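Please look over the sequence and the 3D structure shown here. Then read the short report below them.

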2 protein chains.
Amino acid sequence: MAELQELTRTNDVNALRSWLEETGALDIADELARLDPEDRAIPFRLLAKDRALEVFELLDPIHQQELLESLREERVRELVESMEPDDRVRLLDEMPAKVANRLRAGLSSDERQLTAILLGYPPESAGRMMTPEYVNLRASMSVADALAKVRRSGEAAETIYLLPVTDDQRKLLGVISLRDLVLADSARRVGDLMRTEVHSVDVDADQEEVARLIQEADVLVVPVVDHEDRLVGVVTVDDAMEVFEREVTEDVSRAGGVEPLERPYLSVGPFHLARKRAVWLLFLGIAAALTVNVLTAFEATLEQISTLAVFIPLLIDTGGNSGAQASTVVIRAMAVDEIRFRDLPRVVSRELLVGVMLGAMLGALAFPLVTLFFGAEFGVIIASTLFVIVIWATFAGAALPMLAKRLGLDPAVLSAPIITTLVDATGLLIYLGIAITVLADQLTLAALSPFGL
Amino acid sequence: MAELQELTRTNDVNALRSWLEETGALDIADELARLDPEDRAIPFRLLAKDRALEVFELLDPIHQQELLESLREERVRELVESMEPDDRVRLLDEMPAKVANRLRAGLSSDERQLTAILLGYPPESAGRMMTPEYVNLRASMSVADALAKVRRSGEAAETIYLLPVTDDQRKLLGVISLRDLVLADSARRVGDLMRTEVHSVDVDADQEEVARLIQEADVLVVPVVDHEDRLVGVVTVDDAMEVFEREVTEDVSRAGGVEPLERPYLSVGPFHLARKRAVWLLFLGIAAALTVNVLTAFEATLEQISTLAVFIPLLIDTGGNSGAQASTVVIRAMAVDEIRFRDLPRVVSRELLVGVMLGAMLGALAFPLVTLFFGAEFGVIIASTLFVIVIWATFAGAALPMLAKRLGLDPAVLSAPIITTLVDATGLLIYLGIAITVLADQLTLAALSPFGL
């Protein structure tokens, strides 16, 4: 595949045109996203109208926005007008309010109204991600009537694969899939064929909940109802996949101690990248400063037996790693709903057992090695410290995210980096406590002091 | 909602029956998964036949397997026979070979053949996740003929929402959606209406690639073709979502230093949980043992100025955190295809800038605080060490995963825990190098020795 980047730079319109003709819409969108924002308008303007819309719809909202900024007003209106209402709302959501208002004002009154309805629901709710353009049926219709209605009004709908069935008050009675409708005898009644056990969601439901329902129930479309159970829209599986991707980015980022980026990596500047990390790094640094306090209290001990300092990184790294492992597994299991708060006792008792096994393994390996190079006393100290620290870290890594969720926090906030840092200070206390106990006869009174032994 | 767990324990069949009648299939599947394996057969046997199949299909393959073990042979055959071929293959894949063979032998010859075809493709390929049950059309058909064919043979197909159009040799010519077919004039020809720019995948394509295509192209179904471009099956969006969920679990687990669990958390024993962590923990421990070597080399320095030991955890934690941040962001951006290897220079130069900003921030904060409590010399040492370590860790965290991917490794293998551990030993060298330079006049020859100053 030729590089769009090179073609745009050389400004060879004929070569560009033939590249655009040979290339699929998805690849064009992909390559456009990788161009510098100011270069995107050139190839985009060379696309035929239908194809331009197709490519436009495949772009991320942020790239859509950047592209709109470099197009003529009329072209902009056309593009925004022909988008699906839910995609349009996502685009408007991410734009500066002023630009969004101007764009909205330019819409036809129908499309403007649809947009206003969606924007009236809270951010990240089912109301924001649904489309109000669907085809609904009546229970009394025959299959033939229903298919005729689908043909009449299906063109404007985002999906016709799930057809909600409502009564006079727009109350949701059931759903029928286009598949069942097409395969059914045309004389039968919709009311007899429809499924009444419907997976519907409330308009205020959280986006993630909607996405999970679509996945778990293996459905393509979910009807959205208001508080009186009246149908207001439908959410489609492609929107669910997008929500998943955003949620995953959020969880993965937090687990790495970074705030999630809302835009593709290459489209944000280094200052913005740094800002997304500064708060976490600072917070973790302050938590880590606790270790300075702990070690200062034990400075006399470290001064007398400097070999103790040599093992500090190994011990806190290992404690941190086992805590991170436990929290990663538990947070993931909570994210996919495999465990809930009521499972806390089961989880904790299992993780304690895991900690004992892993701690025993590491202790058993460390004892002969440390004894060989540093003597038996250090062998005992390091092996027993590893044993205790790994159990403690595994316990904390499993229990804290579950408690965080119980308190209404994002469990990912208590993920690997925080657990690691929390375990460090306590791990040092465990280490030096064990060391002082074993080495008591070699230490002066001052070096024993932190424990007042 | 009453608790299935309690109802099963009390063995009150009437209460169980009415709970099952009132509860949706999805919630039944959810609650069944949370029961102990030996308790699941009781409520399951009380379900009506159709409903039992529906619930069965909503279970994870591992829970399906456990349930089958506790049912009578005939019931097992019925359930397995009526599954979609691709779901059945996933179930058989995860079973002990002996049981899988017995189950396969019990299938009707049609279903057995379909299953054998799928099992012939490599694991994790498009061939394994596709269904061979689809409805294909000819370009010469009229819309009315096409709809008639869909009605005739659609019942057995997993999906009829995308209808591939093939020639006499089964070569894929294009696709038409059921939507377009239903909305079109019944006299028009399929060949004129079909889309020829098709997102199809090769039968050997990696599952993740297929899933990403379905998501990026916003399609519900993707045709699968063999090496001669002949149609062999279709992959549906629900399978793509499952692949995503498994891939995310894999990435998240590796990022936390654990091998992914293949089964739900509560269905694996503590020994298995420990085994999934032991190798990583051991490997990271061995890498961390490097720090013992570094510090042993500097033991004379630490003995003379024991305050140096006090800052070790703070410095290596902060280095580790900034490395983990960079690797998290870069690995995620690679996972969603926002950056590729050719972007390495851009990524590295941006991350270096980020490192300079973050390092300067932390250094500027640490200098007055450390000076206040430990004197100006330590203020200088800690501030400049933080500055250098953060830049180095950010650079390593960004560059190493990209290089790993270039070498054909899973970039997640070089994620947070490994980066943290790698940065520790080098961070200590940086720290003690700076300290010796600043404190040279207070140190004896022995304490200066590791650098031979």
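The model is predicted.

## Helices α20 and α22 of chain A

Start with helix α20, residues 312–335 of chain A, and helix α22, residues 376–406 of chain A. Their axes come within 8 Å and cross at roughly 30°. Angles under 35 degrees count as roughly parallel, so α20(A) is roughly parallel to α22(A). The crossing is right-handed.

Which residues of α20(A) meet α22(A)? Among them are Leu315(A), Thr318(A), Gly319(A), Ser322(A), Ala326(A), Val330(A) and Met334(A). On the α22(A) side, the residues include Ile382(A), Leu386(A), Ile389(A), Ala393(A), Gly397(A), Pro401(A) and Lys405(A). Sorted by class, this contact has 13 nonpolar, eight polar and one charged residues.

## Helix α23 of chain A and its partners

Helix α23 spans residues 416–439 of chain A. It packs with helix α17, residues 270–297 of chain A, at an angle of about 0°. The two axes are 9 Å apart. The pair α17(A) and α23(A) is therefore roughly parallel. From α17(A), the contact includes Trp280(A), Phe283(A), Leu284(A), Ala287(A) and Thr291(A). From α23(A), it includes Pro417(A), Ile418(A), Asp424(A), Leu428(A) and Leu432(A). By class there are 14 nonpolar, two polar and one charged residues in the contact of α17(A) with α23(A).

Helix α23(A) also packs with α22(A). Here the angle is about 150°, and the axes are 9 Å apart. Angles over 145 degrees count as roughly antiparallel, so α22(A) and α23(A) are roughly antiparallel to each other. Their crossing is right-handed. The contact of α22(A) with α23(A) has 19 nonpolar, five polar and one charged residues.

## Where chain A meets chain B

How many residues does the contact take from each chain? Chain A gives 119 residues, and chain B gives 119 residues. Together the chains bury about 10,600 Å² between them. Of that area, 59% is on carbon and sulfur atoms. On the chain A side, Arg179(A), Tyr265(A) and Arg350(A) lose the most area to chain B. Together these three make up 7% of what that side buries.

Salt bridges also link the chains: the count between chain A and chain B is 13. In one of these, the side chain of Arg340(A) meets that of Asp30(B), with N to O at 2.7 Å.

## Salt bridges over all chains

Side chains of opposite charge can pair when their charged atoms come close. Over all chains, the count comes to 40 salt bridges.

One lies within chain A, between Glu78(A) and Lys49(A). Their closest N and O atoms are 3.9 Å apart. Glu78(A) lies in helix α7, residues 73–81 of chain A, and Lys49(A) in helix α5, residues 49–58 of chain A, so the pair ties together parts that are 29 residues apart in sequence.

## A loop residue in chain B

Where does Tyr121(B) lie? It lies in the loop between α10 (109–119) and α11 (126–129) of chain B. Set aside its neighbours within four places in sequence, and Tyr121(B) is in contact with Gly127(B), Arg128(B), Met130(B), Val203(B) and Val232(B).

Now compare Tyr121(B) with Ser186(B). The two are 65 residues apart in sequence. In space they are 39 Å apart, C-alpha to C-alpha.

How values were computed. Residues are numbered from 1 along each chain as its sequence is written. Chains are lettered from A and ligands numbered from 1 in the order in which they are written. This is a predicted model: local features need pLDDT of at least 70, side-chain atom pairs count only at pLDDT 80 or more; totals for chains, interfaces and linings use all residues. Side-chain values use heavy atoms; hydrogens and water are left out. Axes are lines fitted to C-alpha atoms, for helices over the stretch in contact, and angles run from 0 to 180 degrees between N-to-C directions. Helices (H or I, at least four residues) and strands (E, at least two) are DSSP runs, numbered from the N terminus. Angles under 35 degrees count as roughly parallel, over 145 as roughly antiparallel, 65 to 115 as roughly perpendicular and the rest as oblique. A crossing is left-handed if the near helix is turned anticlockwise from the far one by less than a right angle, and right-handed if clockwise. Contact means heavy atoms within 4.5 Å. Ala, Val, Leu, Ile, Met, Phe, Trp, Tyr, Cys and Pro count as nonpolar, Asp, Glu, Lys and Arg as charged, and the others, Gly among them, as polar. Buried area is the accessible area (1.4 Å probe) that two parts lose on being put together, summed over both. A salt bridge is a side-chain nitrogen of Lys or Arg within 4 Å of a carboxyl oxygen of Asp or Glu.
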